[in-house]
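Hi everyone, thanks for coming.

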Amino acid sequence: MAKKRILTGDTPTGKLHIGHYVGTLENRVKLQNEYETFILSADTHALSTLSKTPTVIGEHTFQNVLDNLAVGLDPKNVVFWTESGVPELYELAAIMSMYVSHNRALRNPTVKDEIKMKGLGDHFSLGFVNYPIFQAADILGVKAHLVPVGVDQVAHLEQSREIARDLNAITETELFPIPEVLVGRVGKLVGTDGNPKMGKSLGNTIYLGESKEEVQKKVMGMYTDPMRIRATDPGTVEGNPVFIYLDLFGTDSDASAVADFKARYVEGKVGDIEVKQYLAGVMERFLAPIRERREYFEARPDVVRQIMIDGTLRAREENALTLKELRTLLNLSVFVG
Ligand code: TRP
């Protein structure tokens, strides 16, 4: 039996960081052999937020593909593609949008949050509100079964599932699998500054390709327990970003050292600096192989471009097949034969 499919992707607005890793990238890596995996760059969607500087989208797309390769996705198996390289997607999204009410589109909680967070007021484009429908086309165009994403995407996935169900009902078929959502082991990763969300615009990130020195500096400057003034004060482990990162990025061989640090921290028997120094080592062990693979591909841009070209052609075939089926089912097939 053919493998089931994964589709997921990134909006090319900047490099990916360790929050993306625990949110979605590690699931992509884990499942890449079990599923046929499609990873897209939502470059057309990026126009809705980067409309003043469209030239950077290509560069961000390239960087996002590097990040995905760096964490260990195998370009021999994984299909990397871009929205803009698959015009069939626009038609799929246009057809889907005929079945989504205007109110439903505006009710999407992630869209509402983004409007608030980005301070868009009522100056957001039609395409911005339509984005979750485009995302449904991204997913349904390749008939994906599973979508590994960060928790902020769950509302979008609910809408994709609705669209899949509605189109199946309208066409009285099972044309689309109802895509399952897979959220990473951490919904939102706390930033280095203690902000509950790590984000580029918040300046509290650790990027996947970042240099050893830069990471050390960021770790040594991390927010810990604000109530703790001296190393002899009892400290709080719960919710402390340094311990959260130790738990997430340490390996089994760190477990006993981390348990010991926690015990001493609570008793006021270890200073922040010593714990942070240990964390710096943990982060370096985690990031070194990622950085190495990233540098390998970064030095071979032609190889990366070919991966994207091949993948986009492959994804285009799938989308064209789906579109043809959908057009036929909806009696839009007069000119298709
Ligand atoms: N909206 C996602 C993000 O910003 C990116 C994305 C676009 C996506 N299309 C997708 C994710 C389809 C999963 C499936 O992170």
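This is a predicted model: local features need pLDDT of at least 70, side-chain atom pairs count only at pLDDT 80 or more; totals for chains, interfaces and linings use all residues.

Residues are numbered from 1 along each chain as its sequence is written, and side-chain values use heavy atoms, without hydrogens and water.

Let's begin with strand S4, residues 146–149; strands here are DSSP E runs of at least two residues, helices H or I runs of at least four, numbered from the N terminus. Leu-146 and Pro-148 point one way, Val-147 and Val-149 the other, and all are buried, meaning under 20% relative accessible area with a 1.4 Å probe, protein chains only. In a regular strand the side chains alternate between the two faces of the sheet.

S4 pairs with strand S5, residues 180–183, in the parallel sense over four bridges; pairing takes at least two DSSP bridges. Val-149 has Val-183 as its bridge partner in S5.

On a 1 Å grid over the protein atoms alone, a cavity is a set of points where a 1.4 Å probe fits but cannot get out, and lining residues have an atom within 4 Å of a point. Which residues line the largest cavity? Among them are Asp-10, Ile-39, Thr-61 and Trp-81. Helix H3 gives the largest share of that lining, four residues.

Definitions and conventions: Buried means under 20% relative accessible area, exposed over 50%, partly exposed in between (1.4 Å probe, protein chains only). On a 1 Å grid over the protein atoms alone, a cavity is a set of points where a 1.4 Å probe fits but cannot get out, and a pocket is an open set with protein on both sides within 12 Å along at least five of seven lines; lining residues have an atom within 4 Å of a point.
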